[in-house]
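Hello,

Here is the structure I promised to pass on. Please open it next to this email and follow along.

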Amino acid sequence: RMFESLLLWGVTARVDCWVGPYAAAQRFCCDRTEFPEGHPDCFDSLTTFGDCCAPTYASYHAQAPGSTAALSAVCPPLPNECPEAQETGKYKVPSEFWSSYGVLVEFAQSMAADHYSSLWMDSMRLLEAAKQLSCVGHFPSCFSKSQTKALCTYLDAVAAHAATSWKVEFPGGVREACLDVAQGSPAESLLQGLQMPLVSTYHSLGIKPWAGGSGRITMVNKMSHHLQIPPESAPGDTCDLFAKLQPPWFGGEGENPWIDVSGIFVQHRQSYGIMKSLDDAGIALSKRVLNLGAFDGSCYSRKFYGNFDVANCLIDVGWEGVLFEGTEQYHQEAAERHQSKENVEVVLQLIDPLSLISSLEQRRDRLSELDLLKIDIDHSECLFLEPVFETVGLPKVIHAEINPIFPPDLEFIEHFQYPDQIIEGAEADRNRHSKPPYATGCSVGAFLAIMGSRYRLVQVEYEDALFVRSDLVHVFPESRRSPTVLWQLGYFCHPFARVGRDWLMQSGLDFRVLADERKSLSERSSFMKRVFADLKYTRYNLTHAVKT
């Protein structure tokens, strides 16, 4: 067994299992994806899974205080479960919560140690409970008094934990203020009473809001905190991630932390690492990319939320490729950026699935044996797969923007609107203004349905997904995980899954219901169809897999 020599060193498993030549074995050994008690080749009667792995899970899974059932209750409630909630979008999260979550997001982006993860979790629990309370108070006939009391008990317990552990000084009685909100008082005063002491505590610890943009860039290996939403705020055990596999929970076997589009450090594979893994496995690389939606041609741009482009990053290190951009201003910036590179063509074209075929046929020789296809045009991305496949073949790797709110078993596709002109200036083209904002693009399930057996999902990166051609998946062990688990890890259980974009709270909807595996796929699909019907929105397809 691999740990026998530990005994010769006088090291007991309970003290430290992962030392010396075994320092890198923890992720492999403790991963529960295939074996509930870790990989059997790693353990024996003296070095057990419980001794070596369980402490790791416990350290990352802060137990929730008190009763938590009310925190995961869908609110606003589903129309078929409460008559008072018949009108879609009737309830709007108070705007004060947006700024509070914004502060919390900025602090999360700047924390430099696991030690502070507990404080961040307490902060998130307080805001989640206060937000839930505000909603529950808006639908008094839909929730029992016991549920509101349970929320207040929970809120009080979390505040007490934060006060004890981090010396957070909350003014007045949290439970009393909570009960006032439950009886109809505005939630703003309670929220302010929670937020200001938390901000003061963060500042006293030297944690200041991060002022940078987001984007996946390689950083020094110093930020290793592991953040997640409070597991009890998710339906069922959806985000009880410690029971599913070893942290870091955001998937992947990446060697170094990097920043995803949400602005926090995660352990997904980077574009360079993906290609290096293929090269190390003896896979011949053409070093060619096709970029549909190249923006300003940069690897990392601070415009808007911060834009990171995996294809442009490879172009920056000498790869060749064809870059399409439909907005004239961004095309001009991209063309100027790459004008000295003879092996890079920047095309001004507002593409659609039909016109793309002729454009690719003209460049077939330059695009043979593609290593990477990247699609991010903010509109029906999955509908561009077949035109590429039919014209230039199957790329080794596909990186695409997805509609993240739908789990893989729900296949959502926004109908494509064919443009009639290129819109000049800094504004994005009209395809990027599809409404409502949660009805854009394609779900990861729609991508998988179109790809069929040709590709496997490797990781979900908040609002993006990475797929690898099926003959190459042996290089990426993450691909053995189910698409649902990868979606949970990369999006739904991401700490900013329900707070990272303003429209998530402005919508007045609780998208957690889409991940509730206690409800049938038909129920979850019907929920969104009801939402779209109320909004008179019809430009979409939404289907679900039939489970037998």
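**A buried arginine**

Start with R512, which sits in the loop between α17 (502-506) and α18 (521-534). Keep in mind that this is a predicted model.

Is R512 buried or exposed? R512 has a relative accessible area of 4%. Buried means under 20%, so R512 counts as buried.

Now look at what the side chain of R512 reaches. One of its polar atoms lies 2.9 Å from the backbone oxygen of L71. The R512 side chain also comes to 2.6 Å from the backbone oxygen of S233.

Which residues does R512 touch, leaving aside those up to four places away in sequence? They are L71, S72, A73, V74, C75, Q132, S233, P235, F492 and R498.

**The sheet**

Next, find the open sheet. Seven strands form it, in the order β7-β6-β3-β8-β9-β12-β11. Their pairing is mixed.

The edges are β7 (344-348) and β11 (455-461). Each has a single partner strand, so one side of each has no neighbour in the sheet. Ignoring direction, neighbouring strands are turned by 15° against each other on average.

Zoom in on β6 (residues 320-325) and β7. These two strands run parallel and are joined by five bridges. Here F324 stands opposite V347 of β7.

**Helices on the sheet**

Helix α14 (residues 385-392) packs on this sheet. Which strands does α14 touch? The contacts are with β3 (288-292), β8 (372-375), β9 (397-401) and β11. The direction of α14 makes about 155° with that of β8.

Then turn to helix α15 (residues 444-451). This helix lies across β9, β11 and β12 (464-469). Its angle to β12 is about 20°.

**A helix pair**

Last stop: α14 again, now with helix α13 (residues 353-361). How do the two axes cross? They come within 9 Å and cross at roughly 25°. Angles under 35 degrees count as roughly parallel, so α13 and α14 are roughly parallel to each other. Their crossing is right-handed.

To see the contact itself, show the side chains. From α13 come P353, L356, I357, L360 and E361. They meet P387, V388, T391 and V392 of α14.

Best wishes

Note on methods:
Residues are numbered from 1 along each chain as its sequence is written. This is a predicted model: local features need pLDDT of at least 70, side-chain atom pairs count only at pLDDT 80 or more; totals for chains, interfaces and linings use all residues. Side-chain values use heavy atoms; hydrogens and water are left out. Two strands pair if DSSP finds at least two bridges between them. Helices (H or I, at least four residues) and strands (E, at least two) are DSSP runs, numbered from the N terminus. Axes are lines fitted to C-alpha atoms, for helices over the stretch in contact, and angles run from 0 to 180 degrees between N-to-C directions. Contact means heavy atoms within 4.5 Å. Buried means under 20% relative accessible area, exposed over 50%, partly exposed in between (1.4 Å probe, protein chains only). A polar contact is a pair of N or O atoms within 3.5 Å; within protein, one must be able to donate a hydrogen and the other to accept it, and residues adjacent in sequence count only if both atoms are side-chain atoms. Angles under 35 degrees count as roughly parallel, over 145 as roughly antiparallel, 65 to 115 as roughly perpendicular and the rest as oblique. A crossing is left-handed if the near helix is turned anticlockwise from the far one by less than a right angle, and right-handed if clockwise.
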